[in-house]
Amino acid sequence: MVERTLRLGRFSRRFLPTAWARVAALLLVMMLVLLVSLALGRVMLGPGALLEALMNPHAPTGLIVRELRLPRILLAALIGAALGVAGWLLQQVMRNPLASPDIIGVTSGASAAAVSYLAWLAVPLGMAGLPVAAMLGAAGAALAVYTLAWSHGVTPLRLVLTGIGMAAALGAVTTLVLAISPLTTTLSAYVWLTGSVYGANWSDVSSLALWCVALLVPLAALMRQVMLAPLDDALATGLGLAVQRHRAALLALASALAGVAVAWGGAFVFVGLVAPHLARRLSGYSGTAQMVLALLYGALLVMLADLVARTLFLPLDLPAGIFVAALGAPFFLALLIREVR
Amino acid sequence: MPDPVDTAFSMVGCAPRLSRRHLLGAMLALGIMPVPALAGSRPVRVVTLFQGATDSAVALGITPVGVVRSWQDPPIYPYLRPALAGVTMVGLETQPSLEDIALLSPTLIVASRFRHERIAPLLEGLAPVVMLADIYRFQTTLEAMGHALGRERRAAILMMQYRARVVALRARLAAHFGARWPVTVSLIDIRADQVRSYLPESFAGRVLSDLGFRWNATARESSGVMIKLGGVESLPALEAEMFFVMRHSGSPAVADYARRLMSHPLWQRMQAPRTGQVVEVDAVAWILSGGMLGVLNQLDEIEAWLEREAVS
């Protein structure tokens, strides 16, 4: 692999052209999936009809393509991207390939909060508060895990174990709420717990996009520290990392990314675990390229899952979360098996 | 079901046979001209996204262009099938297919905040939306839809008709029960794995309250639409002088559970079973329909029961 260096005055970066060629290829695949998703559904559109629907605001199918399908596909992509980056970041910081937003309690905190909201507050307060409740749940759980794991600073192993304990406890809360909640919320709660982008609109897309940008900017500034995080504490300190402070900041960023994704899409599990592995195992690159690949694989996974969920069992429209694992798991296992050989 | 227009005329005392001119004049006076005529050349294209809205649209004399799948006997409740033959299905009440709704290019969508708040912005992008707070208040649903469809009079006449029938039926019930009236009542829904006790706030609960029934002690103390009973040990919470019992579906599992419940000593010890005042009623009319036509079917069932009692 030929590595190049880019210099512009004081700014210098090393980069691998092959890695970024891979990123470009993946973007191309995503565009293709986007176009196919726009064309497929209750009304199947040919290339010409799709172009007309996109270009002409008065086309009869324009509403379906531009107001129903496009925001839904983009929301799926954003959710997948945020979860992919969150999972990748957690795996770096925790030095553990099993780390993911599901395991350290973020998803379960958001789930417990969202299900409680659906059960008791959705009727008096309306559904607009649901993302807020889910975000507060995610933040609360992440903070609780961090505080409980604290003993003269936190170590990755303590964090993982505390997170697993917290996830189990919050899972019990979710089940309890489902069992005692008044009636009909149960169905919407199950859909939420599976993860779904049904009914996405443009304001959902712009809110989540804004959150993602707001969280990715500080992450970009911290990339050097992210690269040092997997190293041994002593080594990282020697290379200029303020281990505890940076670890706390990166964990907060990862939790927030996963929290906002889950707030708008429900408890999509598995994306945060599998997307970083796909990025790592399919390419072998490290650094920023790996993060961008994790982002793209995450986005692609949720986009494909929703495409399948929306079209495979027409006229039924199933929650995309069902198919994330259905698509991701075989691929993941195949990768592992290939690696063992 | 009697033709609502005929009924409307009989209620305001018109002669049953009228000339076309008189008929049109009377219809205009009543404000029940078909909406297309009032709204110019644009026909109303209503999509109803919950069962009570579908029922109410039919009650108001309007055939929706799209309806959601029914909970029982899908895709459409048997009592609505003649009125809704050939109507497009737009998916489930809990998750209607937005693309199907868009394809119908509706001029009005009737939804409920309880079920459709999340998709409200998208629905509003497709057509004007009548958003009901919940799905249990058949009067509110009927009046809001009557208003939105320009059929306020028709809605008012249906309400008058309902009140008149309630007054008459209440008198018959009082005569039937004599000094025991008002009797206490329980509205029981038997499902495959649980029993629910519906409360005064529920859809049929409102009708029973209007009829003057007294609620069982547990229902009087509870709030909300219904309570789930924990199991057979909680059966005494249903204690009342009269039971209206629904089987949630015709499945063998429900029949099996109902048999087990009704043969249980705790069931047989309660007042209604002891005195034979257990009336089995249709779940579709009593909890699932959610609209005025369902309510009228409930009144029919109570009247039929009174007649059976009078014979025996």
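Taken over C-alpha atoms, the centres of domain 1 of chain A and domain 2 of chain A are separated by 19 Å. Domain 1 covers residues 98-269 and domain 2 covers 270-341, with bounds that come from an automatic or database domain assignment.

Before we go on, a word on the model: it is predicted, so local features need pLDDT of at least 70 and side-chain atom pairs count only at pLDDT 80 or more, while totals for chains, interfaces and linings use all residues. Residues are numbered from 1 along each chain as its sequence is written, and chains are lettered from A and ligands numbered from 1 in the order in which they are written.

How do the pieces of this structure touch? Two residues are in contact if their C-beta atoms, placed from the backbone, lie within 7 Å. In chain A, 15 residues of domain 1 are in contact with 14 residues of domain 2. On the domain 1 side, the elements giving two or more residues are α7 (185-194) and α9 (223-228) of chain A. Helices (H or I, at least four residues) and strands (E, at least two) are DSSP runs, numbered from the N terminus.

Between the chains, 19 residues of chain A are in contact with 19 residues of chain B. Helix α3 (residues 62-94) of chain A gives the largest share of the chain A side, four residues.

The table sorts two contact sides by class. Ala, Val, Leu, Ile, Met, Phe, Trp, Tyr, Cys and Pro count as nonpolar, Asp, Glu, Lys and Arg as charged, and the others, Gly among them, as polar.

| Side | Residues by class |
|---|---|
| Domain 1 of chain A, touching domain 2 of chain A | nine nonpolar, five polar and one charged residues |
| Chain A, touching chain B | 11 nonpolar, five polar and three charged residues |
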